[in-house]
Amino acid sequence: MAKITLKNGITFECATDQIILDAAKQNGIAIEHSCRTGRCGVCATTVLSGDTVAMSPETSEIGDSHGELMILTCCRAPVADLELGIEDLGEIGKLQTVTLPCRIDNLDMLNEAVLELTLRLPPTANFKFVAGQYINLIGEDGLKRSYSIANSPAKDGKIILHIKCVKNGMMSDYLFNRAKKNDLLRFEGPLGTFSFRKDDSKNVVFLATGTGIAPVKSILEDLQHKNIDKNVIVIWGGRYLGDLYWRTSCISLPHQYIPVLSRELNWLGFRGYVQNALLDLELDLASTTVYACGSEFMIKDASSLLIQNGLPLDRFHSDAFVSSN
């Protein structure tokens with residue numbers, strides 16, 4: 001067995017043939033992660049001392065951080081005792097991942113391509129999650145797909161998902177063409193570590209593309225009931241105006257909303273990429289924390305661009321939407 005030590009002094013044991021992320025979970029310790037497949041790069045961390053071995057391919061381009069070796073904890077096992085440059089995430093690690101039955105409570109099209117799916121849980125479910133996390137929805141024949149939860153924890157226990165229609169997608173075919181109220185499904189969760197962190201930054205910026213706004217909506221709904229003294233900015237990108245199907249004005253938390261479009265004709269607002277729109281604001285990135293959710297491309301480009309321009313490495317938190325194909 002190897003001893004894993006995190007930057008804030010938390011330790012746990014991990015077998016030399018065991019994935020680091022799995023060992024942390026087994027010990028009730030949550031460390032940053034998302035896809036668990038080596039593709040999104042969210043679980044990347046520096047190695048302060050020790051060595052590791054790859055147990056599966058690291059397909060995300062993680063490179064290094066200021067000359068320090070970086071690894072993906074979802075792909076690596078320790079060779080011996082190991083020190084990592086990450087901290088645990090507190091309460092998320094204490095939440096148990098469970099599989100529960102649920103029924104479709106409501107189906108509502110938010111635009112031509114995005115469905116809002118509301119799930120009703122059994123009265124005794126007592127399902128707990130942290131705003132920003134996701135679930136695996138389990139449909140016909142055991143088909144499983146990951147979707148971020150789009151609402152904050154609610155007294156009625158319902159779960160809301162924003163689901164984009166995927167051409168020739170098996171889950172999309174069911175949800176968009178055949179699903180009906182009271183259909184019985186199952187889900188697995190909560191999953192992921194995308195969540196709001198307490199720190200001393202002055203600015204909090206949420207970057208989202210497409211249905212990446214779902215976990216951002218969940219976090220904003222949760223924060224509006226808490227006292228946070230931050231300059232909050234929400235930057236949401238799409239191709240056309242109709243892609244921005246939700247209005248942040250329903251959130252009572254004081255914030256600035258910046259829509260970004262890439263193909264809308266006669267659009268006078270920001271164009272292009274959400275990360276470039278953030279740079280155009282000329283914020284002090286050294287005093288900023290960024291939460292980014294969307295495509296793999298956006299996450300990787302935003303991380304690289306913003307860190308190059310002064311954002312601290314540990315102030316970029318993300319949830320990359322990785323294709324199931």
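# Asking about strands, a helix and rings

Reader: What makes you call β9 and β10 partners?
Author: In this predicted model, β9 (residues 98-109) and β10 (residues 114-120) run antiparallel and are joined by six bridges. Pairing takes at least two bridges, so β9 and β10 count as paired. One spot to look at is arginine 103, which stands opposite arginine 120 in β10.

Reader: Which sheet do they belong to, and in what order do its strands come?
Author: An open sheet of six strands, with antiparallel pairing, ordered β12-β11-β14-β9-β10-β13.

Reader: Why are β12 and β13 called edge strands?
Author: Count the partners: β12 (144-148) and β13 (159-164) each have a single one, so each has one side left without a neighbour in the sheet.

Reader: Now α3. How do you know that the helix is mostly covered?
Author: Of the 11 residues in α3 (residues 213-223), 10 are buried. The buried set has Ile213, Ala214, Pro215, Val216, Lys217, Ser218, Ile219, Leu220, Glu221 and Leu223. Buried means under 20% relative accessible area, so each residue in that set falls below the cut-off.

Reader: What covers those buried residues of α3?
Author: The cover includes β12 and β13, along with β15 (203-209), β16 (231-238) and β19 (288-295).

Reader: On to the rings. How many aromatic pairs are there, and why is the one between phenylalanine 127 and phenylalanine 187 called what it is?
Author: Seven pairs in the structure. For phenylalanine 127 and phenylalanine 187, the ring centres are 5.0 Å apart, and a pair needs them within 6.5 Å, so they qualify. Their planes stand at 80°, and anything over 60 counts as edge-to-face, so that is the label they get.

Reader: What makes that pair a tie between separate parts of the chain?
Author: Phenylalanine 127 sits in the loop between β10 and β11 (134-138), and phenylalanine 187 sits in β14 (residues 184-191), so the pair links parts that are 60 residues apart in sequence. Both phenylalanine 127 and phenylalanine 187 are buried.

Reader: Is the pair of phenylalanine 196 and tyrosine 291 stacked or edge-to-face?
Author: Stacked: the planes are at 25°, under the limit of 30 degrees, and the centres are 5.7 Å apart, within 6.5 Å, so both tests are passed. With phenylalanine 196 in the loop between β14 and β15 and tyrosine 291 in β19, the pair ties together parts 95 residues apart in sequence. Phe194, Phe196, Phe206 and Tyr291 are linked by ring pairs into a cluster.

Reader: How do you know which of phenylalanine 196 and tyrosine 291 is buried?
Author: Tyrosine 291 has a relative accessible area of 0%, so it is under the 20% cut-off and buried. Phenylalanine 196 comes out at 23%, between 20% and 50%, so it is partly exposed.

Technical notes:
Residues are numbered from 1 along each chain as its sequence is written. This is a predicted model: local features need pLDDT of at least 70, side-chain atom pairs count only at pLDDT 80 or more; totals for chains, interfaces and linings use all residues. Side-chain values use heavy atoms; hydrogens and water are left out. Helices (H or I, at least four residues) and strands (E, at least two) are DSSP runs, numbered from the N terminus. Buried means under 20% relative accessible area, exposed over 50%, partly exposed in between (1.4 Å probe, protein chains only). Contact means heavy atoms within 4.5 Å. Rings of Phe, Tyr and Trp (its six-membered ring) pair if their centres lie within 6.5 Å; planes under 30 degrees apart count as stacked, over 60 as edge-to-face and the rest as tilted.
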